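Let's take a walk through a protein model together. Have the sequence and the 3D view ready, and keep turning the picture as you read.

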Amino acid sequence: LSLIQSAVAGRKRPGPLDFPHELGLSADGRKPPEHAGGLDVHEVQPAARASVPSPYLRPIPLEDFSLAADVVAEAMEHFDSADENLLVLEKNPAHENALSAVFRAFHTLKGITGFLKLSPIVDLSHETEALLDAVRSKTLFFGPKASELTFRSLDLLKLMISNLDAAVKSNKPFQPSRDVSPMIQAVKAFMREAVGPGASSG
């Protein structure tokens, strides 16, 4: 986050960046577990999908391409950390250091993409962060469903950061994923069922 804050102040752009464009690969080329693959958007009822604002589907113009490149670079670092620590959490849900690292990755991603007003990334990061915060507070156990949703959210965030990287390189608007709305609704629905009506962040 300090890198992005510095870039906002000084607009200093780091070196060139190569982002893995295949969804599901971390920056070092590792594949996630099999269950962390494509989104099962059919889990979300049509009425629930329709309740999420349509602006998630609209291309978002980038006002500062240099800053956007910085965001992509920092996001990649946090993806690596999230991948590594999610695998630890999957085996040991009580591992507090791994949980904190994953939470921090989503929290930071929400913050740095907020500088660019990328609401699809910000909102998905926020909802997943809320899930992880419930685990941190012992309100929710990081079981198979929580793990699956976190992996899916991470995969989708990787895809959108890849889209952001493509937008920077082509000097075009950022194109969100059509899966953002159902993914957000899936996390919210799980939180309502697992924790209660007040569990969702909004």
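This is a predicted model: local features need pLDDT of at least 70, side-chain atom pairs count only at pLDDT 80 or more; totals for chains, interfaces and linings use all residues.

Residues are numbered from 1 along each chain as its sequence is written, and side-chain values use heavy atoms, with hydrogens and water left out.

So what is the chain built from? You'll find 7 helices and 0 strands, where helices (H or I, at least four residues) and strands (E, at least two) are DSSP runs, numbered from the N terminus. Follow the sequence along and the pattern reads α-α-α-α-α-α-α. Of the 202 residues in the chain, 50% are buried, meaning under 20% relative accessible area with a 1.4 Å probe and protein chains only.

Now for the helix pairs. Find helix α3 (residues 65-91) and α4: their axes are 8 Å apart and they pack at about 155 degrees. Here axes are lines fitted to C-alpha atoms, for helices over the stretch in contact, and angles run from 0 to 180 degrees between N-to-C directions. That angle is why α3 and α4 are roughly antiparallel to each other, a label for angles over 145 degrees. Helix α6 (residues 144-170) and α7 cross at roughly 155 degrees too, and their axes come within 11 Å. Therefore α6 and α7 are also roughly antiparallel to each other.

While you're at α7 (residues 180-194), look for S181, which sits in this helix. Is S181 buried or exposed? S181 is buried because its relative accessible area is 9%. Y56 is 125 residues away from S181 in sequence, yet their C-alpha atoms are 7.0 Å apart in space.

Last stop: the largest pocket, with about 210 Å³ of space. On a 1 Å grid over the protein atoms alone, a pocket is an open set of points where a 1.4 Å probe fits, with protein on both sides within 12 Å along at least five of seven lines; lining residues have an atom within 4 Å of a point. The volume is the space filled by probe spheres set on the points, which are joined across faces, edges and corners. Among the lining residues are P93, H95, E96, R136 and F142. Helix α4 gives the largest share of the lining, 3 residues.

Methods. Angles under 35 degrees count as roughly parallel, over 145 as roughly antiparallel, 65 to 115 as roughly perpendicular and the rest as oblique.
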